[in-house]
Amino acid sequence: MTAAEPLIGIIMGSQSDWDTMRHGADILDQMGIPHEVLIISAHRTPERLYDYAKTAKSRGLKLIIAGAGGAAHLPGMAAALTPLPVLGVPVESKSLKGMDSLLSIVQMPAGVPVGTLAIGKAGAKNAALLAASVIALLDSTVAARLDAFRENQTQSVGTTPIKD
Ligand code: RP5
């Protein structure tokens with residue numbers, strides 16, 4: 001989504017993170033929330049990270065969702081460089097199944113918070129839903145879409161399992 005100025009920034013450490021982070025972008029599309037999506041690596045492109053996080057608030061962003069895997073410094077470093085709320089998504093890694101990503105992101109020392117979600121797709125989706133709920137505080141259209149999302153979800157749950 002590019003028509004309006006982005007309110008949410010989705011950043012990720014690598015192209016390989018997109019298969020996970022796309023689920024968050026899909027939610028923001030559904031909610032009609034303008035957002036931008038960029039690859040920014042804390043390790044490989046540290047100056048890109050610095051420039052992005054330092055200018056995020058003045059460019060009008062309200063919240064950043066940062067996904068990374070392995071030694072996942074991206075969410076914590078972004079949070080260190082911006083006053084905006086940062087949500088971290090641990091991307092599943094090949095060798096440790098994302099436990100490394102989770103522990104890297106969740107164990108922030110006191111003073112620089114990162115709101116950490118679940119490993120993988122669920123985390124990416126929930127980060128976007130949380131971001132939407134923040135935007136919904138001041139946007140009744142987004143609030144109504146979030147209510148509809150919840151209602152659809154509730155209606156889609158059967159009362160008895162389908163046995164095959
Ligand atoms: C991290 O290293 C990225 O966030 C990614 O999850 C992981 C692996 O990156 P690639 O080697 O696939 O580019 O920085």
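Predicted model: local features only at pLDDT ≥ 70, side-chain atom pairs only at ≥ 80, totals over all residues.
When neighbours within four places in sequence are left aside, Glu36 is in contact with Pro6 and Gly9. Gly9 is also the bridge partner of Glu36.

Glu36 and Ile10 illustrate how the fold brings together parts of the chain that are separated in sequence. These two residues are 26 residues apart in sequence, and their C-alpha atoms are 6.1 Å apart in space.

## The sheet

The strands form an open sheet of five, in the order β2-β1-β3-β4-β5, and the pairing is parallel. The strands β2 (35-39) and β5 stand at the edges. Each of these two has a single partner strand, so one side of each is left without a neighbour in the sheet.

Strand β1 is joined to β2 by five bridges, and the two run parallel. Besides the pair formed by Gly9 and Glu36, Met12 has Ile39 of β2 as its bridge partner. Further along the sheet, β3 and β4 also run parallel and are joined by six bridges. Gly67 stands opposite Val89 in β4.

## Two enclosed strands

How many of the residues of β1 are buried? Five of its five residues are buried, so the strand is mostly covered. Both faces of β1 are covered. Ile8, Ile10 and Met12 are buried on one side, while Gly9 and Ile11 are buried on the other.

Six of its six residues are buried, so β4 is largely enclosed by the rest of the structure. On one side of β4 the buried residues are Val86, Gly88 and Pro90; on the other they are Leu87, Val89 and Val91.

Helix α2 has the buried residues Leu49, Tyr52, Ala53 and Ala56. Seen down the axis of α2, these buried residues fall within an arc of 90°, so they line one face of the helix. They pack against β1, β2, β3 and α3. On the other side of α2, Glu47, Lys54 and Thr55 are exposed.

In helix α4 (residues 99-106), the buried residues are Ser101, Leu102, Ser104 and Ile105. Viewed down the axis of α4, they fall within an arc of 170°, so they too line one face of their helix. What covers these residues of α4 includes β3 (63-69), α3 (74-81), β4 (86-91) and β5 (115-116).

## The nonpolar core

In soluble globular proteins, nonpolar side chains tend to be buried together. The largest nonpolar core of this model has 43 residues. Which residues have the most contacts inside this core? They are Ile65 and Ala78. The elements that give two or more residues to the core are β1 (8-12), α1 (18-31), α2 (46-56), β3, α3, β4, α4 and α5 (121-136). The largest share, six residues, comes from α5.

The contacts of Ala78 show how separate parts of the chain meet. Not counting residues up to four places away in sequence, Ala78 touches Ile11, Leu49, Ala53, Ile64, Ala66 and Val86. Among these, Leu49 and Ala53 are buried residues of α2, Ile11 is a buried residue of β1, and Val86 is a buried residue of β4.

## Ile135 in helix α5

Ile135 lies in helix α5. Is this residue buried or exposed? Ile135 is buried, because 22 other C-beta atoms lie within 10 Å of its own. Leaving aside neighbours within four places in sequence, Ile135 is in contact with Leu7, Ile33, Lys62 and Val142. The C-alpha atoms of Ile135 and Val114 are separated by 18 Å, and these residues are 21 apart along the chain.

## The surroundings of the ligand

The residues around the ligand are Gly13, Ser14, Ser16, Asp17, Ser41, His43, Ala68, Gly69, Gly70 and Val91. By class, this shell has two nonpolar, seven polar and one charged residues. One of the residues around the ligand, Val91, is also among the buried residues of β4.

How values were computed
Residues numbered from 1 in each chain as written. Near = placed C-beta within 6 Å. Nonpolar A, V, L, I, M, F, W, Y, C, P; charged D, E, K, R; others polar. Buried ≥ 20, exposed ≤ 12 C-beta atoms within 10 Å, placed from the backbone. Helix = DSSP H or I, 4+ residues; strand = E, 2+ residues; numbered from the N terminus. Arc of directions from axis to C-beta. Contact = placed C-beta atoms within 7 Å. Core = buried A, V, L, I, M, F, W, Y, C linked by C-beta atoms within 7 Å. Pairing = 2+ DSSP bridges.
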